[in-house]
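Trainee: Please take me through a structure step by step, giving the general idea before each case.

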Amino acid sequence: MKIIKHPIRTIFLIIALTASTLSLAAPKIQNWTTENGLSVYYVHVPELPMINLRLTFDAGSARDGKNFGVAGLTAAMLDSGTKDLNADQLAEAFESVGAEFSSSSARDMASISLRTLTLPDEQKKAIDTWMDVIKNSAFPDKDFQRLIKQSLVGLEAEKQSPAAIASKAFYQHLYGDHPYAFPQNGNESTIKAMKVDDVKAYYARYFVAKNGQLAIVGAIKRTEAETLAKQIARTLKAGEKAQAIPAVKPLQTSETLHIDFPSSQSHIMIGQPGTKRGDNDYFALYLGNHGLGGSGFTSRLMKEVRVKRGLSYSVYSYFVSMREAGPFLLGLQTKNSQVEEAIKVATDVVKTFQKEGVSEAQLQASKINITGGFPLRTASNNDIIGYIAMIGFYGLPLDYLDTFTGTIDKISREEVMEAYKRRLHPDKFLTVIVGKKVKQVAHKDDKKEPTQ
Amino acid sequence: MNRIISRSLLLLAVLFLPLVSLAKEAPPKAPKTTPSVQEYTLDNGLKLLVKQDKRAPIAVVQIWYRVGTSYEHEGITGLSHALEHMMFKGTKTHKSGQFEVILSENGARNNAFTSQDYTAYYEVLANDRIEVALALEADRMRNLILDPKEFKKEIEVVKEERRMRTDDNPVSSTREQFNAVAFMNSPYRAPVIGWMVDLETMKLDDLQDWYKKWYAPNNATLVIVGDVEPEKIKILVDKYFAQIPKGELPEVKLRTEVKQFGARYLKVKLPAKVASLRMGFKTPGMIDAIKAVKGQPKVEQWEPYALEVLATILDGGSSARLAKNLVRGQEIAVGVGAGYYGFGRLSDLFVLSGTPAKGTTVMQLKDALLKEIQKLKDTLVTADELKRVKAQVIASEVYERDSIEHIATLLGSLEATGIGYQLMDAYVPQVLAVTPEQIQTVAKKYLINDHLTVAELIPQALKKASDKPAGDAK
């Protein structure tokens, strides 16, 4: 159960990563490439007797093709056993030495991770087992059939969650025929039609050295890390890099999708295609969004929607930066009778922000928070491996963390405003509402609570 | 696991991870290398715990108040949590929202959370900004202004929070009803967020009264972990907190749960697609082994640790019995878990929960879980299993040190529940000392069917518009 990734957690990981800045102690990232083309990112952190390893591959659900869900199933099958070990023995091999194995997949990326102590016997057994998984995963059909049944129950569970329904519909409608529209967990027909050979073929195609990166963080010296990286690389075939995925088309008109659901509250997601990694406007948009909806209680959306009107517990906006344009996303939840009011208030905030921009004082406050908060975000080995895996995966410069603060500091108010005028299109937003359609209350600040 | 509620969803992920693992596996673990924790108590009763971790130039500041749902009574449930929301609405010297602005300008991340046993506020920030956090926390310990207009909005926010977390989530709703049936008179029967009707009738005066009663230095613990010098911290804390007068704390009634005389079953019929099961045995907590409770049978010091290891034998990863036997093996469950809730202020439950596989009923899953419990009573756990658990305990003791927030949260919660932060250092050796015979003993002694409560979520059709909304039984 621990391995299962919660979608919300993933989203916030992305925020944390993009929010990175650096003024003080940036982790010193070293990078090299092994003989068979595996790129290695390494940070030496000697304080705790542990090592984190993560292999990332361009093997997320955007690669599913017609087999919606195959990326997720492939990652999930990796704990099912190797040539020599069945699922029970594999779990035992890791856990008997206190090691933590995990694998996951998102839209762009799939990853295989390990955390182990550096006690010699424990470390050796953990890493040997990890390499066995990477090299010799057997994908037993029996385990595959079980996973299919579990996935089908998972798809049923999505149908009882308004948040899950909203998210699925949002991506589907935002991206149309683009691979980012694919449902990450597949759908009933694709999951039922899936064969274990699909998973094997997917693994063989995408989990290869030239399509991956290795991140190493912990109490391991450079020379040992090099030896280790070489060993790990040898478990992978050289293979080929995945093909580029197509660019995302902008929305042409505004669209509202209301999905009827018997909940007391409606989940609302509003957005458009936003930015990709390496986008020239990314930093200006990111900085602006801090004051718009990215900074919690100091953001305008939180003030207008929650603090002033009590309309929602959570309200936020952010740009998810992906290989191709990830979404700009604004989200909130409110009781069904307030849907119209909440949407109006939230989109008015965006429109006003776009029209009037951000004040110099607000911009400064955002800059201070972003840059001042940097050390908090690279404090743990877990934080660091998240960063370097991202830098490696998206091919960002090694000094990405070192220059982030400077880049943010240099952005002017005009640049932020200009980027928002050019890149945000509130007249072409997609709005997804999941909840019960009911009579709406008047937009009054001191309205009386209607009884349900 | 809805026992801890944070103020903002934005930090939910960050917050929930450490706390969920605390509630479920509850492994406060002891770093052996450093002389762990410095403790000071101010004249006004405020306790300060400082732990040094010099890996990064940052610190976490947490202030823990010994007040939560378990201090409330029927009719005022959710009061502690609502007050937590209002604690951001300004003081005599800081207007509403200014807290966040000041902290944001200092690069800090901040939030708060409420559980059954405590309400805590925290800031994570650069180690040269600790004073900013201390000044603000000292201010709102005594000088909060509770404004009716602010309350009117904020209570609506809390209701939205309840709708999101519980009313529209069939599994959460089941858990809420399960607790209310498992406990008859223990305050653990009430949800942290409060029953909707109590939120609807909550008054600002209730909050005012609650604040006055519980927010005092002698009811608080300040925890600071990070790259700090304990002696300097002590001086700073004195500067901001020493002048706050001691409060007159109300008496906390015992409210020990009455004995259960037979298993309880409840059916929860809600719009849903997937059935689920939650069951729990009444078990003593760590607190019962530390402090004898009047009228309660004696709990041996090792018993909670044996229950803790027992939970890990069942659900300590993919090689543990439940995953191995029920998810793989018999393929009876798609997900299943076990957890010992042994680290609260009051005794709680040993919980088993799960989602049956397609073609399996909830009652079949229940029987399979009870069979696993029976096995623990009949047969000693193997040496290999115990070895695995111990290896995991030793490893996670190291892994947990990777997060200073996690360490601070462990210290604070142990202190706030009355167990005492010293348990952090005692935990690992005590777990390592558990024997197969002790596990069998606690299984026989506590995991007995007469002390069991079973809840079954029975999915009802997800009807479309014009039908009754899900969840809220109003």
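Mentor: Helices here are DSSP runs of H or I with at least four residues, strands are DSSP runs of E with at least two, and both are numbered from the N terminus. Residues are numbered from 1 along each chain as its sequence is written, while chains are lettered from A and ligands numbered from 1 in the order in which they are written. The model is predicted, so that local features need pLDDT of at least 70 and side-chain atom pairs count only at pLDDT 80 or more, whereas totals for chains, interfaces and linings use all residues.

Trainee: In which loop is B:E331 found?

Mentor: B:E331 belongs to the loop of chain B that lies between α12 (321–327) and β10.

Trainee: What should I look for in the phi angle of such a residue?

Mentor: Most residues other than glycine have a negative phi. B:E331, although not a glycine, has a positive phi of about 50°. In chain A, A:F139 also carries a positive value without being glycine, with phi near 45°, and A:F139 sits in the loop between α4 and α5 (141–158) of that chain.

Trainee: How many C-beta neighbours inside 10 Å does A:F139 have?

Mentor: A residue is buried if 20 or more other C-beta atoms, placed from the backbone, lie within 10 Å of its own, exposed if 12 or fewer do, and partly exposed in between. A:F139 has 19 such neighbours and therefore counts as partly exposed, and B:E331, with 18 other C-beta atoms within 10 Å, is likewise partly exposed. A further case is A:E418 in helix α17 (residues 413–423) of chain A, which is partly exposed with 14 other C-beta atoms within 10 Å.

Trainee: Which residues of α4(A) are buried?

Mentor: In α4(A) the buried residues are A:Q123, A:A126, A:T129, A:W130, A:V133 and A:I134. They lie on the same side of α4(A) because they cover an arc of only 140° around the axis, the arc being that of the directions from the helix axis to the C-beta atoms. The face turned away from that buried side carries the exposed residues A:P120, A:D121, A:K124 and A:D128.

Trainee: How far does helix α4 of chain A reach from its first C-alpha to its last?

Mentor: Helix α4 (residues 120–136) of chain A reaches 23 Å with its 17 residues, close to the 24 Å expected, where the expected span is 1.5 Å times one less than the number of residues.

Trainee: Which elements do the buried residues of α4(A) pack against?

Mentor: The buried residues of α4(A) pack against β3 (50–57), α3 (87–95), β4 (100–105) and β5 (110–117) of chain A, contact being defined as C-beta atoms, placed from the backbone, within 7 Å. The helix α4(A) lies across β3, β4 and β5 of chain A and runs at about 165° to β5(A); such angles run from 0 to 180 degrees between N-to-C directions of lines fitted to C-alpha atoms, for helices over the stretch in contact.

Trainee: In what order do the six strands of the open sheet of chain A stand?

Mentor: Strands of a sheet pair through backbone hydrogen bonds, either parallel or antiparallel. Two strands count as paired if DSSP finds at least two bridges between them. In chain A, six strands form an open, mixed sheet in the order β1-β2-β6-β3-β5-β4. The edges are β1 (30–33) and β4 of chain A, each with a single partner strand, so one side of each has no neighbour in the sheet. Direction ignored, neighbouring strands of this sheet are turned by 15° against each other on average. Within the sheet, β2 (residues 39–44) and β6 (residues 212–218) of chain A pair in the parallel sense over six bridges, and the partner of A:H44 in β6(A) is A:G218.

Trainee: Which strands form the open sheet of chain B?

Mentor: Five strands of chain B form an open sheet, also with mixed pairing, in the order β8-β12-β9-β11-β10. Its edge strands are β8 (264–271) and β10 of chain B, each pairing on one side only. Seven bridges join β10(B) in antiparallel fashion to β11 (residues 348–356) of chain B, with B:G337 opposite B:S353, and eight of the eight residues of β10(B) are buried.

Trainee: How many residues of chain B are in contact with chain A?

Mentor: 69 residues of chain B are in contact with 66 residues of chain A. The largest share of that side of chain B, nine residues, comes from α5(B).

Notes. Two residues are in contact if their C-beta atoms, placed from the backbone, lie within 7 Å.
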